[in-house]
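Good morning, colleagues. May I ask you to look at the structure on the screen while I go through some of its side-chain and helix contacts.

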Amino acid sequence: MSMKVESFPSKRAISAFKRSFHSGHVLKQCVSNVKLSKEEFVSKLLDRRWTLPSPDAKIHQIMLSTSKVQPQPGRPLSDISFWNNTNPCFSHSMAEKDDSFFIVRDDLLHPLINGNKARKLDALIPLVEDHSVTDVVTCGGCQSAHTAAVAVSCSERGLKPHLLLRGEQPEILTGYNLMSTIYGNVTYVPRSLYANREKMLKSHADYLAGSSGNVLRFDDILEASLNQSDGALNLLQKDANRSDHPRKIVIVNEGAGDVVALLDVILSLGLIRLAQYLSQNHLLGKERVLKFVVDSGTGTTAVGLALGAICLGLPWEVTAVMLADSYDGYRHQEKRLISNFKRHFDTHIDHCFDDIDKGIVHWVERCHPRKFGNVLEGELEACQHIAQQTGILVDPVYTLSAWEMAMALHKKEAEVEGGVQVVMLHTGGTLGMFGLAQRYKSYFSKLKVGSSS
């Protein structure tokens, strides 16, 4: 009979233990024992390893021509002239009553990953690395920006991404589907099996693990990382036993449910990091009243940005354009994320959420409502018009809705004495245009005719 001998923690485990102090393992204990200012609280919260080397984002100013008629309901964007000031002076631009709005260019963060996905994965990927994970399993639709982002991010860090895509393989691989296929290990799953995502993901992870691997639930990693000290100790123990489980698979299920709400807490940290960056005095500052606009699929980006503003005490209002759910659905997601955030990052900031029932995000319908994913006639021409005049690409499903809302809010504020500046967060979506080109061939064919004005 052989005896299993516990190995002493490796240098990698010791290094991971040290990193745990900068990735949230002891954050709750630090915050709960000492009453911190808002700035100190956020500094503690963000004292961790990140995927993005820097939270920096370019900020441009979109000038609207006063020589043409201003935007009105039903009037095409082609009636408006735009000019992109790529190097605005914020002390001047914020003070003057310019006919403009600002845009945070998160679409420039990565050539293949959407800006909102890059922010969400900013804190998540290092957490996976700290737990010696070798493989990541996730799922999504055929043109899922989430699966493509996970595939690229994992491959860049030496992790193996496994992507379960709903439905059948398209005849032509393009857009997010192409990137998922190039960077990840793709398996197409029949819709009947995909309907039970929990079972589907667990079954595939077990298959990959085989008899010698180990499957980790992401909620276990999150709970360990957010506990006072158990996470660091478990990390040492897991790394010490790495020889017993050479392959570690983690499941990342982006969707609905309490576990995913816990995942969203980690996903929101990248947005809080962005808010801290933008609030620097030489940029948007801490004193200016601003109205942010963001398009919303799941709503995590909008809530994360609003959490950042509240934690830092910033006079910012976040308006989210509802695209994929009802008002009640987004409010439920908002309350759930805030509840999990408070539970894991202690009661120091409870007073910030005294009016939680009133909400921290202003949820609104898009200017031209429709079933999620649909494109209306004339919207591709609007995207073309914006791109040709500003050099900024927006897509008709997501970011065009934020652009239109930013213009509408700007017009409303311009008519009010002391109206505030509007800032759009550009979440990306370039690759999504390639997928849309397959679905809306007749719309895209119209772009061949007509010339730039």
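I begin with a charge and a ring: the charged end of Arg 166 is placed over the ring of Tyr 194, at 5.4 Å from the ring centre. Please bear in mind that this is a predicted model.

I turn now to contacts between rings. How many aromatic pairs does a search of the whole structure find? The search returns 7. A pair of this kind is described by the distance of the centres and the angle of the planes.

Consider Phe 292 and Trp 316. Their ring centres are 4.7 Å apart and their planes stand at 35°, so this pair is tilted. An angle under 30 degrees would have counted as stacked, and one over 60 as edge-to-face. Phe 292 belongs to strand E9, residues 290-296, whereas Trp 316 belongs to strand E10, residues 316-322; the pair therefore ties together parts that are 24 residues apart in sequence. Are these two residues buried or exposed? Both Phe 292 and Trp 316 are buried.

Phe 372 and Tyr 398 also form an aromatic pair, and this one is edge-to-face, with 5.8 Å from centre to centre and 70° between the planes. Phe 372 lies in the loop between strand E11 (361-365) and helix H15 (379-390), and Tyr 398 in the loop between H15 and helix H16 (399-414), so the pair ties together parts that are 26 residues apart in sequence. Phe 372 is partly exposed, at a relative accessible area of 38%.

Let me move to helix packing. The axes of helix H6, residues 145-156, and helix H7, residues 175-183, come within 8 Å and cross at roughly 30°. H6 is therefore roughly parallel to H7, and their crossing is left-handed. Which residues meet there? From H6 they are Ala 145, Thr 147, Ala 148, Ala 151, Val 152 and Ser 155; from H7 they are Tyr 176, Met 179, Ser 180 and Tyr 183.

Leaving aside residues up to four places away in sequence, Ser 268 touches Gly 304, Leu 307, Leu 337 and Phe 341.

Thank you for your attention.

Key:
Residues numbered from 1 in each chain as written. Predicted model: local features only at pLDDT ≥ 70, side-chain atom pairs only at ≥ 80, totals over all residues. Heavy atoms only, no water. Phe/Tyr/Trp six-rings, centres within 6.5 Å; stacked < 30°, edge-to-face > 60°. Helix = DSSP H or I, 4+ residues; strand = E, 2+ residues; numbered from the N terminus. Buried < 20%, exposed > 50% of the residue type's maximum accessible area, 1.4 Å probe, protein only. Lys NZ or Arg CZ within 6 Å of the ring centre and 35° of its normal. Axes fitted to C-alpha atoms, helices over the stretch in contact; angles between N-to-C directions. Parallel < 35°, antiparallel > 145°, perpendicular 65-115°, else oblique. Left-handed = near helix turned anticlockwise from the far one by under 90°. Contact = heavy atoms within 4.5 Å.
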